[in-house]
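Please look over the sequence and the structure below, then read on.

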Amino acid sequence: MSKIRKSEKDSLSVIKIPVTGDVPSETLDVVLKVASLEAVYSQASMDKVTIANSLLVEKLEDELILAHLENKRMAAEQAVLINKLETANQELNDLSYTERIINTLRDPLIVMDKDLKVMMCTSGFYNKFNVTEKDTEGHYFFELGNQQWNIPELRYLLESILPEKKVVDDFEVTHIFPSIGRRVMSLNARQLDKANGGQLILLDIEDITDKRKIEEGLAEIELLFQESKDRLQLAIDAAGLGTWDYNPLTGELLADSRCKEMFGLQPLVNIDYPAFIKLIHHEDRDHIDEVLQKALKGINKGEYEMEFRTAGTINKKIKWIKFKGKAYFNTEGAAYRLVGTSVDISVQKVLDHSTTELLKKKDDFMSIASHELKTPITTLKATLQLLDRMKDRPNKLLVTLIVQANKSMERVTTLIENLLNTNKLTEGQLHLNKTSFIVAEMIADCCQHVRIDGVYDIITEGDKELMVYADADRIDQVVVNFVNNAIKYAPGSKEIHVKIEKVNDMARVSIRDNGPGIPPEKVPYLFDRYYRVDSSGMQYSGLGLGLYINAEIVKRHDGKIGVESEIGNGSTFWFTLPLA
């Protein structure tokens with residue numbers, strides 16, 4: 001209303017009424033009323049425009065609000081989409097980053113999905129097990145390398161233990177791999193959950209075969225050397241100690257007569273530090289100087305302990321010396337004194353080396369000699385049993401059996417003499433009495449215990465006039481060992497074929513059976529000491545020395561030895577000897 005009144009006032013103020021002379025009051029009232037109505041009409045028109053504008057503004061404001069809300073909704077959807085893209089990009093970056101990390105590892109590591117399909121491997125895995133990416137990635141783990149990883153313990157680990165525990169540490173598996181042989185593996189596995197809900201399996205493989213061998217060897221050595229250690233400890237306690245004192249500030253070096261004696265010096269001879277270093281063996285000199293300098297710098301609290309060789313005494317004899325001592329420091333941290341004791345450990349070093357060598361040679365010799373005794377004694381026993389049966393009904397075979405018994409007794413006697421020969425014991429080897437002989441005749445004389453039983457036939461083929469230069473008794477032993485193995489491991493093969501032939505400048509003797517054959521993964525270890533072939537779960541007697549002894553005898557004749565075998569088609573063991 002206030003706006004309308006103001007408009008009315010304004011309208012009235014602009015109306016100009018021409019008046020000439022006196023105007024009647026009625027006329028004036030009419031004029032004023034007309035003017036007032038015009039002002040009201042004008043104001044109404046203006047208000048109508050104002051109201052229309054207000055409605056238009058309100059409509060525009062509503063549309064603006066709706067547009068703003070739509071914009072916020074689209075912005076929210078865009079933010080969600082950007083977040084998903086960033087997450088996907090981060091996963092790709094993480095995967096690429098993980099691949100780069102894995103590719104830097106040198107140890108065997110395998111990354112698999114939840115179904116145990118290989119996703120990637122480190123170069124260490126490919127190098128260790130001689131496989132390629134093409135034959136590995138994308139394949140199921142237990143199918144790799146002709147199923148060489150299809151190991152019951154490992155399958156149990158990945159399929160049963162890991163899904164439950166998520167983490168498995170130091171799980172040991174012992175297995176014979178076709179490419180690298182028998183190995184002891186320590187496995188560490190992790191099952192990881194991915195951001196998208198999937199799973200990854202990490203399998204780390206550590207070859208601890210050498211570690212286990214060292215541990216087992218150390219335990220055996222500790223047992224064998226316990227008595228030697230006790231005697232050695234008494235010797236060390238009873239040994240005289242030398243002392244020495246060095247002042248790094250003045251360069252003065254004092255040593256007692258015992259210490260000087262160890263280095264081949266006279267009691268009255270004085271030396272300084274550089275001269276002392278020159279008394280140390282040239283191969284140990286730099287290392288000893290470095291250890292002493294570290295002690296003077298306070299490393300390891302200034303304490304030191306070391307063993308080294310002398311450069312050689314007056315009589316050119318090198319000694320082993322053990323130093324132990326400590327450096328002392330002033331308030332400023334500078335070393336002012338380096339003191340220590342010295343002890344001659346040459347006896348200990350000689351005993352350690354000599355005892356180790358002696359026991360090793362003794363062990364090797366006794367194992368071989370004991371096994372060699374078994375064959376002639378078995379033959380002798382069989383011969384005597386047959387003689388006992390024939391004592392009441394002698395025939396032509398009696399003479400042959402007596403000759404065979406005498407031969408076996410001679411071999412036993414020879415072996416016993418070897419056992420008692422201390423010189424051979426020290427050397428750790430058997431003497432070879434080489435002569436020229438016809439191989440076929442030697443084969444005809446050997447394995448009488450097999451021929452007498454009449455169960456197996458030994459068929460000799462090839463060059464029956466071929467002569468070799470070798471120890472007939474030792475080669476007899478080689479053939480008997482091969483024949484005995486053929487009977488033991490292929491009892492169903494009643495014929496044993498022995499073939500003699502000339503190959504280049506060597507004579508080659510082959511012993512073939514028609515047994516079940518030897519698995520290819522076991523062939524590389526047949527001639528290793530103590531290795532025994534267990535076929536189809538059967539256990540055989542023996543120490544696993546027969547083929548090892550054969551190999552050693554043939555090698556000492558400068559010959560070669562080997563085996564050719566195929567599952568289901570028997571085995572052929574062969575060796576070569578120099579021609580006469």
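## Salt bridges and exposure

Asp284 is classed as buried because its relative accessibility is 13%; buried means under 20% relative accessible area, exposed over 50%, and partly exposed in between, with a 1.4 Å probe and protein chains only. The model is predicted, so local features need pLDDT of at least 70 and side-chain atom pairs count only at pLDDT 80 or more, while totals for chains, interfaces and linings use all residues. Residues are numbered from 1 along each chain as its sequence is written, and side-chain values use heavy atoms, with hydrogens and water left out.

Side chains of opposite charge can pair when their charged atoms come close. A salt bridge here is a side-chain nitrogen of Lys or Arg within 4 Å of a carboxyl oxygen of Asp or Glu. The whole structure contains 17 salt bridges, and the table lists some of them.

| Pair | N to O distance |
|---|---|
| Arg212 and Glu215 | 2.9 Å |
| Arg309 and Glu283 | 2.9 Å |
| Asp284 and Arg309 | 3.0 Å |

Glu283 is exposed, at a relative accessible area of 53%. Helices (H or I, at least four residues) and strands (E, at least two) are DSSP runs, numbered from the N terminus.

Arg212 and Glu215 are both in helix H6 (residues 209-224), three residues apart, or about one turn of the helix. Glu215 is partly exposed, with 39% relative accessibility.

## The sheet and its helix

Five strands form an open sheet in the order E12-E14-E15-E17-E16, and their pairing is mixed. Strand E12 (457-462) and strand E16 (561-565) are the edge strands, each pairing on one side only. From one strand to the next, the twist averages 20°. Two strands pair if DSSP finds at least two bridges between them. Strand E15 (residues 506-512) and strand E17 (residues 571-578) are antiparallel partners over seven bridges, and Met506 stands opposite Pro578 in E17.

Helix H16 (residues 472-489) lies across E12, strand E14 (495-503), E15, E16 and E17, and runs at about 175° to E17. Axes are lines fitted to C-alpha atoms, for helices over the stretch in contact (heavy atoms within 4.5 Å). Angles run from 0 to 180 degrees between N-to-C directions.

## The protein as a whole

The protein has 17 helices and 17 strands. Of its 580 residues, 35% are buried. Among contacts between residues at least 6 apart in sequence, 56% join residues at least 24 apart. The protein exposes about 36100 Å², of which carbon and sulfur atoms supply 54%; accessible areas come from the Shrake-Rupley method with a 1.4 Å probe, and for residues only the protein chains shown count as cover.

Ile65, Leu66 and Leu69 make a nonpolar patch on the surface, with about 310 Å² of accessible area together. Patches are made of residues with over 30% relative accessible area and no salt bridge; like charges are joined within 9 Å, and nonpolar side chains (Val, Leu, Ile, Met, Phe, Trp, Tyr) within 5 Å. Leu66 belongs to helix H2 (residues 25-104) and is exposed, at a relative accessible area of 58%.
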